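Please look at the model below before reading on.

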Amino acid sequence: MPSTAPSAPVPLGEHEPRTDPQALTSNPDPSQNAPTDVDYTPHPESSLKVPPEREAIVKAITNLYSGSASKDDMNVYAEKAVYDDPWSFCDTRYKIAGQWYGIPRLFASSKTLATEIVENSANTIVWKQRQEYTPRLVHFSKPVNSLITCTLDEQGKVVYHKDQWNHKDYSHEGLGKIMKTLNGDYLTNITRPPKDL
């Protein structure tokens, strides 16, 4: 049975990606950049070509962002994968599923509008993503640009998924980290993903 117990410390340094958002995303035209010199707006025509197995990872994850809540899409993650965004820190595939299975509950729709792959290395794939969220309670659509970085293991499974909404990386310290971890640890009690994930 999947554990929903509080997280034990995870060796972040081993798999956590530390990308340089400015180097990866800065637009040659400064007027297109945010004040922090990043441009997270995806330009699909500039996307790097990647092998089919990497395309499949991006497709599965964008499906999850779009509310698929699918066991097949969840299989891109290793069992002990980490998911890290401004709101949540999850350290198992089951806890990550708690986040994805919550999207259909919270949003009337969630659509991936565009992606642009900006890095593809031996164990890392990075892309810009534009996602449009429409909450159930207030039918007002809000597009959000972010930088998605996934570190892969030897089997091609995602072991660390980081979603950055601005140029700042995450410190994993203080009250913010505590709140993110609590969200990751206990959201499965509300969203109830399948126990066999």
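The questions below concern this predicted model and the reasons for the labels given to some of its residues.

Q: Why is the pair of Tyr83 and Trp100 called edge-to-face?
A: The ring centres of Tyr83 and Trp100 are 5.5 Å apart, and ring centres within 6.5 Å make a pair. Their planes stand at 70 degrees, and planes over 60 degrees apart count as edge-to-face, so the pair is given that name.

Q: Where in the chain do Tyr83 and Trp100 lie?
A: Tyr83 is in strand β1 and Trp100 in helix α5, 17 residues apart, so the pair links distant parts of the chain. Tyr83 and Trp100 are both buried, and together with Tyr65 they form one aromatic cluster.

Q: What places Trp100 among the residues with the most contacts inside the largest nonpolar core?
A: The core has 30 residues, and Ile61, Met74, Tyr77 and Trp100 have the most contacts inside it. Of the elements that contribute, α3 gives the largest share, six residues. Leaving aside residues up to four places away in sequence, Trp100 touches Leu64, Tyr65, Ala69, Met74, Tyr77, Tyr83 and His161.

Q: Why is Leu137 called exposed?
A: Its relative accessible area is 85%. Exposed means over 50%, so Leu137 qualifies.

Q: What makes Lys71 and Asp196 a salt bridge?
A: The distance from N to O is 2.7 Å; the cut-off is within 4 Å, so the pair counts. Lys71 is in helix α4 and Asp196 in the segment after α8, 125 residues apart.

Q: Why do Lys71 and Asp196 carry the labels they do for accessibility?
A: Lys71 has 37% relative accessibility, so it counts as partly exposed, a label for values between 20% and 50%. Asp196 has 56% and is therefore exposed.

Q: How do you know that Lys128 and Glu116 are buried?
A: Buried means under 20% relative accessible area. Lys128 has 3%, so it is buried, and Glu116, at 7%, therefore counts as buried as well. The closest N and O atoms of this salt bridge are 3.5 Å apart, and it links strand β4, with Lys128, to strand β3, with Glu116.

Definitions and conventions:
Residues numbered from 1 in each chain as written. Predicted model: local features only at pLDDT ≥ 70, side-chain atom pairs only at ≥ 80, totals over all residues. Heavy atoms only, no water. Phe/Tyr/Trp six-rings, centres within 6.5 Å; stacked < 30°, edge-to-face > 60°. Helix = DSSP H or I, 4+ residues; strand = E, 2+ residues; numbered from the N terminus. Buried < 20%, exposed > 50% of the residue type's maximum accessible area, 1.4 Å probe, protein only. Core = buried A, V, L, I, M, F, W, Y, C linked by side-chain atoms within 4.5 Å. Contact = heavy atoms within 4.5 Å. Salt bridge = Lys/Arg side-chain N within 4 Å of Asp/Glu carboxyl O.
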